[in-house]
Structures are given as C-alpha cells and as structure tokens.
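I set out to record the fold of each chain in turn. The entries follow the order of my reading.

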Amino acid sequence: MDWQAFEVSIKLALLTSLTLLPIGLGLAYLLANSKFFGSVLLEAVITLPLVLPPTVLGYFLLVGLDSTSFFGGLFFSLTGHTLAFSFTGLWFASIIYSLPFAVQPMLRAMETIAPEIREAAWCSGLSKWKTFFKIELPLALPGVLTAMVLSFSHTLGEFGVVLMIGGNIAGETRTLSIAIYDSVLAFESAQAQSMSLILLAIALASIMIVFTFNRSRSRVVRL
Amino acid sequence: MNETAKYALSVDAISINYEHKKVLNQLSLNVSDNEILCLLGQSGSGKTTVLKAIAGLLPLQQGSISVGGQRLSSVKTIVPPDKRGIGIIFQDYALFPHLSVLDNICFGIKETKQQAEFAAKALLELVKMEGYGSAFPHELSGGQQQRVAIARALAIKPKVLLLDEPFSNVDHHLRQQLMADIRQILKQRSVAAIFVTHNKAEAFVFADKLAFMEAGKVVQTGTAQSLYLQPCSAALAESMGEGNWLNVVVVDQYRTLSNDLGEITSTEPHGIDVGQNVRQFIRPNQLSFAIDGSGQGKMIDQVFNGDHHICTIVVGQMILIINQPLSQKISVGAQVSITVLAHTAMLFDG
C-alpha cells in the first residue's frame, strides 16, 4: 500500500474541489443569469473536458504549462518553478479537468430558482450579494454539494491527465490511481487490490453522502 | 417642486426594447397618493414589463420613472431594486421556500432581529396570518402564501406596491375575501399601488382607476364605468365585456343606421363624420326584446347566468347576444322584436 500516493491523491482532490467552489459558483451564476454573446461558447468550453480523451486534454495542458509557453513561462518567471511535472501543475490541470463536474450541477441547481424569487429578494431590500448568499446559495445547496463531491471523487480517480503532465514522481505527482497502475505492471496484485478497494470505498461513500443529504433536505424544502 | 412630485408614481414616456421589438412605446402613467391603479390589457401587451421597469429590474431606452418626485430610472441611471422602496407581489407568490414565514418577512426590516420579529408578527396579524410564523411556504395554501407575500412586501414600508396578477392562482372562493382584505390594508396604510390583471372583474373590485394597454402604450385611463361605457378602441370595448358588432352608416351626430335594427340613437354626439361606414358595439344589456309575431328576430338559444338569461337571437344574417331579465319569460323559438335601449354609442373604424 502506497500511503504517500494516497496522501498526494487526497491532497490534490481536496485542493481541487475547494478551488472549484468559488470558480464553479461564479461561472454557474454567470451562465444561469445572463444570456450574453458567447455564453454558449463558454458553457461548451467548460463542458469540453467531459468528452475529450484525458490524453488529449493532458497533451494540450502539457504544451500550455511548459515553461516555453506563455502561461508556463509567466509562472516560471514569477516563482522559479516549472508547472509541468509538479504538484502545482497537477492541481491546475485537475481544476480544468474537473471543471464541468463542478459547474454543471451548480448551474442546473441555479437554473431551477425562479427569477421571481431573486427579484422578490431584491425588492425586499436585499442587495445582489446578500440575495446570492442568503437566498440563491441556500436554494442551490444540493447542487453545490453534488458539485463538490463529484469534483472530489473525479479528481481522485483521474489517471490519463495525471500521467501526461505529472509524470510519476513519488510524493509529488504519483497519485493512487497511478500507483495502482504501477502495481499491476509489477504484478503486485495484492497492493493493486487494496488501493483499488480504497478508491472504490471513498467514491461510494461520497456519493452516498450526497444522496442522503439531498433526500433529508427534500423532505424539508419542496422546491 | 416639479411636475412629477404631485404623484406617488410617475412614469414618463418610457420605451423598452426586447430583442429588437418595442415592448413599451413611450408609455406614460401616473398614480396619485393612496390610489390603486389597475393596468389592464391582453396578454403580450406589456403589462408585466411596466411593473419590471418600475421595480428597477429593466433598463429604459427612453423616458423616466419617478417616485414621490424623486427620479429612480432614466436612460442613464437606474437606482437598484433594493434601494427604491418599491414592493412587489408576484402571481406565484415567490416566497423563499427555505425560510419560515417569519424569516420571509424579516428580511425587509432593517432593524435589530428582535424589532424585526416584532414588526413581522404585527404584519402577519394585519394579513390575518397570526400563528403561522414558524410555518414553511409549502405548508400553506395559495391564498395564505399570497397573504404572506403581501406582508413581506409591506415590511419595507413601500411608497409604491406592484402586484402582478396576484389573485390568478388563488382559489375562486377565497379570492373575493383576499381582494377585499388587501384593498383595505393598502387604503389603511396609504400605499399607492399598480395592479396588473387581464381579469376585468378583479379590476372592477380592486382598483380605483383603470388604465388599458395596447401595443406597449396606455390608450385610455379612467374609472371602470368610463372604460366600460366609452372605450376608445375596439380591443378595449371587447376586453371590458361581451357585446355585439353591427355594421352601420352614420346618419347624423346622434344617429346611425343598421340594416337589421334600423336607426339607433345615441344619448351623446359621437363626433364621426356623416355618411361614414363604421362598426357599432352594443352590450347585451343595452338591448331588449319582446314577443312580437311579426318581429325581425328569433331566439335560438338561452343560457341561465344567475342574474339573467343570456339569449342568442338571429336577426337576418346577424346573431345578437341580449340579456333577458329573469322576470321576463320568453323561451327559445319565440319570434321577437328588438329595441335598442338609450346609451352613448360606441363607434369604431372598419
């Protein structure tokens, strides 16, 4: 059992889903509340990682994060570190890779809120910010929770992208799913089995948490 | 003191475009202090757009909106909805589903939590919902939810209240009482209000003054009676109640001539040129009939309406709807002669 890989995986999944919370909320709010020029394109770009082969996404990220690229170069000149084959690069890639899993549930939840609810809140003297935090966010909470759990478990299980841009550096970019792959290649089936079971248990537990919460809530609030 | 300060609410020649279509076209209306104005119009005439503009939810392409003489919307600037002091009530109530009734109301009260709850309880009493403070919206009936929505809208002590089809989803038997209660509350608190509906019966009961909208404009404002008896357009005449259309020729300033009914005399001059072919609108209660073996009409149908019978009578090529008092007992198949009762003529172009 590779506890170091387990730690990298959990840390990456937690950081990614926490970063996706404000990013997802912002994008979902924007897409739910305004139909602007290019909003269809924006939603399509956000959803793209869902259908793109992870190796393709990984390739483009590898090119984009390379220190000879604009973004990678900027990061290098600011921090003195390269993004490719580093934990930070992996974190950045995971944010993009899991973005649709965060945005979609939040967007769907926000779209179900009737515009009159928001307008009634404004006319009751609540500013746009207060309306968001006291009315819209609580009403979209099941979607937000689903988004968090999905992006957490999706990041935890990510393989292709990690392999492409993370390499396989122990303690830095070797995640649990890579470690499982390594064990299988090395015929260490007992290792592979225990690590796979851990991932399975975490995935099952997190989905059950969402279902339990959403069920108990739908008894209180019928939307 | 400017012109707009005379009114609780003054909407001055506003235009709003939506997807390259003019939804409101230089619309103007004024609401005096303590007055309830009903905005009537067919669906798609832009009624809800007017409310949204007044609430500050839509930008203006032209014109301005003032409350108590203070300009809230113009082409350049819009005071945001939460700073306008305008309450709004929707057809679907739009209560916050995750909050208790008391919390729904407390939001608008900018005082300490204790004072807010005290004020909210007083409002609940006002709308006859005391004891429901801890209930959630989904536990209430439509009428009860609308009462809570009223309390919530009143919590900000609005200068103007906007009501968008507020009674449409309320059970019919509760509607009359709810309308009477809300009207009384608005009068008691001296709140000016604009009330949107397509139901003229609600307009008659609830409003002090009616404004009729057609193609993004207010075409006529006045009492219910004046809109009913002297409508300025054919669409308004039909919206205010059923009637019969006759093709007539103008004989003089008072009289018109119909092929089937003969000469019809107006109680007021109609102001249309002699010799013109126009359409005349006559309401079912502006006609009467009597049994007459040699009369020009024949009754072919009769429907009981509680207050009277609605009779269908064929005259030549024409079908007329005429109300028959319950005391008059003429039945289907009878040959009748028709009399036009004294009224002011309603004449419209082709």
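I took helices (H or I, at least four residues) and strands (E, at least two) as DSSP runs, numbered from the N terminus. The model is predicted, and I kept local features at pLDDT of at least 70 and side-chain atom pairs at pLDDT 80 or more, while totals for chains, interfaces and linings use all residues. Residues are numbered from 1 along each chain as its sequence is written, and chains are lettered from A and ligands numbered from 1 in the order in which they are written.

Chain A. I found 11 helices and zero strands. The C-alpha atoms of chain A occupy a box of roughly 65 × 45 × 30 Å along the principal axes.

I then looked up burial in chain A, calling a residue buried if 20 or more other C-beta atoms, placed from the backbone, lie within 10 Å of its own. Of the 223 residues in chain A, 38% are buried.

Chain B, sheet. I counted two strands as paired if DSSP finds at least two bridges between them. In chain B, four strands make an open sheet in the order β2-β1-β4-β5, with antiparallel pairing. Strands β2 (21-31) and β5 (70-73) of chain B are at the edges with a single partner strand each, so one side of each lacks a neighbour in the sheet.

I next examined one strand pair. Strand β4 (residues 62-67) of chain B is joined to the antiparallel β5(B) by three bridges. B:Ser66 lies opposite B:Arg71 of β5(B).

Terms used: Buried ≥ 20, exposed ≤ 12 C-beta atoms within 10 Å, placed from the backbone.
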